[in-house]
Amino acid sequence: MSIQELLALPAAVSLETANRALDLSRSAGYALAKRGEYPVRVLKLGNAYRVATADLHRLLGVVTGAAPALLPGEEPGHRVPAAAYPQRSRTPRAA
């Protein structure tokens with residue numbers, strides 16, 4: 001994905017789009033997200049995974065001209081690994 005394409009993304013993107021930006025296969029991206037090991041914070045909204053575009057920009061070093069926002073728990077100059085963010089627990093569905 002080019003820098004122009006990254007800069008044109010909306011505020012949050014699907015996991016498929018984030019996988020494409022990070023050059024991950026679909027199965028690898030979903031496996032990482034399920035294990036809470038995706039390289040950026042993943043939001044689970046119902047059955048859908050979403051990724052904040054700002055997190056992708058930060059990880060990939062895309063400069064947008066604005067000062068980068070800090071993620072929860074971050075201090076300037078300190079990065080918190082994505083695995084440190086709480087992931088929503090999975091509850092089994094009724095059959």
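1. In this note, buried means under 20% relative accessible area and exposed means over 50%, with partly exposed in between, using a 1.4 Å probe and protein chains only. The model is predicted, so that local features need pLDDT of at least 70 and side-chain atom pairs count only at pLDDT 80 or more, while totals for chains, interfaces and linings use all residues. Residues are numbered from 1 along each chain as its sequence is written, and side-chain values use heavy atoms, with hydrogens and water left out.

2. Helices (H or I, at least four residues) and strands (E, at least two) are DSSP runs, numbered from the N terminus. On helix H3 (residues 26–35), the exposed residues Ser 27, Lys 34 and Arg 35 lie on the face turned away from the buried side.

3. The buried residues of H3 are Gly 29, Leu 32 and Ala 33. They cover an arc (taken from the directions from the helix axis to the C-beta atoms) of only 100 degrees around the axis, which puts them on the same side of H3. Their cover includes H2, strand E2 (42–45) and strand E3 (48–52).

4. After H3 comes Gly 36, with a positive phi near 75 degrees.

5. Helix H2 is largely enclosed by the rest of the structure, because 6 of its 8 residues are buried, namely Leu 15, Thr 17, Ala 18, Asn 19, Ala 21 and Leu 22. Just after H2, Asp 23 has a positive phi of about 60 degrees.

Note on methods: Contact means heavy atoms within 4.5 Å.
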